[in-house]
Amino acid sequence: FPILKIVEKIGNSASLKIGVILAFISAVSLTFGNSFYIMVIGVCLRDMSASFKSMMHVALRHNLELVGEEAKFIQYSTRSNITYSTITMLISLFSGLMFNWNNYLPMYCCIAVCAICIFLSFYMTDYSEKEGEIKPKKKADKEKTHYSKLILLAIVSFGIFFALVITGQENGKLF
């Protein structure tokens with residue numbers, strides 16, 4: 001909830017920029033950090049980065065709606081997921097070799113890619129944030145959802161325990 005509130009205030013484009021900047025800082029802190037606390041901060045920044053970068057699908061949907069091509073959302077989304085999966089496959093094939101050459105080489109490449117993503121994020125435009133360019137179609141007002149205290153407690157406890165389990169599973173694979 002806090003990240004969604006931040007995204008509502010700063011917009012989708014700024015959210016993506018913050019997400020890639022956090023990913024860069026996370027990669028740098030995980031690569032060059034020499035204490036436990038810096039590593040914890042790096043992992044937290046990595047997870048926050050993923051939350052901010054998840055707004056890319058929302059920005060894509062908004063932009064396509066505003067230019068009248070909302071039917072192409074699935075096509076573009078699928079193409080981006082296939083590209084991401086292919087790149088991830090190639091990374092997994094070559095990261096072992098890179099690690100054998102130099103233990104830090106995969107992370108140096110990660111930092112370089114994060115820097116490129118920061119540069120490219122400044123060329124991404126969210127048309128819904130630009131006033132006067134394209135007028136969005138008006139939709140009916142949605143009712144605000146009210147959550148009971150029990151639902152909020154369940155959501156918060158799920159968030160805490162899910163993060164602990166995922167972190168434990170990631171570290172369990174190392175052993």
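How much space lies in the largest pocket? I started there, keeping in mind that this is a predicted model. The answer I got is about 2000 Å³.

**Entry: largest pocket**

Which one gives the most? That's α5, with 12 residues. Sorting the lining of the largest pocket by class, I got 24 nonpolar, 15 polar and four charged residues.

**Entry: second largest pocket**

I found 24 residues lining it, with D47, S51, G159, I160 and A163 the closest to its centre. The elements giving two or more residues here are α1 (2–10), α3 and α7 (149–174). I noted α7 as the one that gives the most, with 10 residues. By class, I have this lining down as 17 nonpolar, four polar and three charged.

**Entry: α2 against α6**

Helix packing now. I took α2 (residues 12–32) and α6 (residues 105–121) as a pair: their axes come within 9 Å and cross at roughly 160 degrees. Angles over 145 degrees count as roughly antiparallel, so that is how α2 runs relative to α6. I logged the crossing of α2 and α6 as left-handed. From α2, the contact uses K17, V20, I21, A23, F24, A27, V28, L30, T31 and F32. From α6, I listed M107, Y108, C110, I111, C114, A115, C117, I118 and S121. The α2–α6 contact residues divide into 16 nonpolar, two polar and one charged.

**Entry: α2 against α3**

What is the angle at which α2 and α3 pack? I read off about 155 degrees, with the axes 8 Å apart. That makes α2 roughly antiparallel to α3. I have the α2–α3 crossing as left-handed. On the α2 side I wrote down S15, L16, I18, G19, V20, L22, A23, I25, S26, S29 and L30. They meet I38, M39, G42, V43, L45, R46, M48, S49, F52 and K53 in α3. By class, this contact divides into 13 nonpolar, six polar and two charged residues.

**Entry: α5 against α6**

Last pair. I found that the axes of α5 and α6 come within 7 Å and cross at roughly 115 degrees. Which residues make the contact? S95, M98, F99 and W101 come from α5, and L105, P106 and C109 from α6. I sorted these into six nonpolar, one polar and no charged.

Technical notes. Residues are numbered from 1 along each chain as its sequence is written. This is a predicted model: local features need pLDDT of at least 70, side-chain atom pairs count only at pLDDT 80 or more; totals for chains, interfaces and linings use all residues. Side-chain values use heavy atoms; hydrogens and water are left out. Axes are lines fitted to C-alpha atoms, for helices over the stretch in contact, and angles run from 0 to 180 degrees between N-to-C directions. Helices (H or I, at least four residues) and strands (E, at least two) are DSSP runs, numbered from the N terminus. Angles under 35 degrees count as roughly parallel, over 145 as roughly antiparallel, 65 to 115 as roughly perpendicular and the rest as oblique. A crossing is left-handed if the near helix is turned anticlockwise from the far one by less than a right angle, and right-handed if clockwise. Contact means heavy atoms within 4.5 Å. Ala, Val, Leu, Ile, Met, Phe, Trp, Tyr, Cys and Pro count as nonpolar, Asp, Glu, Lys and Arg as charged, and the others, Gly among them, as polar. On a 1 Å grid over the protein atoms alone, a cavity is a set of points where a 1.4 Å probe fits but cannot get out, and a pocket is an open set with protein on both sides within 12 Å along at least five of seven lines; lining residues have an atom within 4 Å of a point. Grid points are joined across faces, edges and corners, and a volume is the space filled by probe spheres set on the points.
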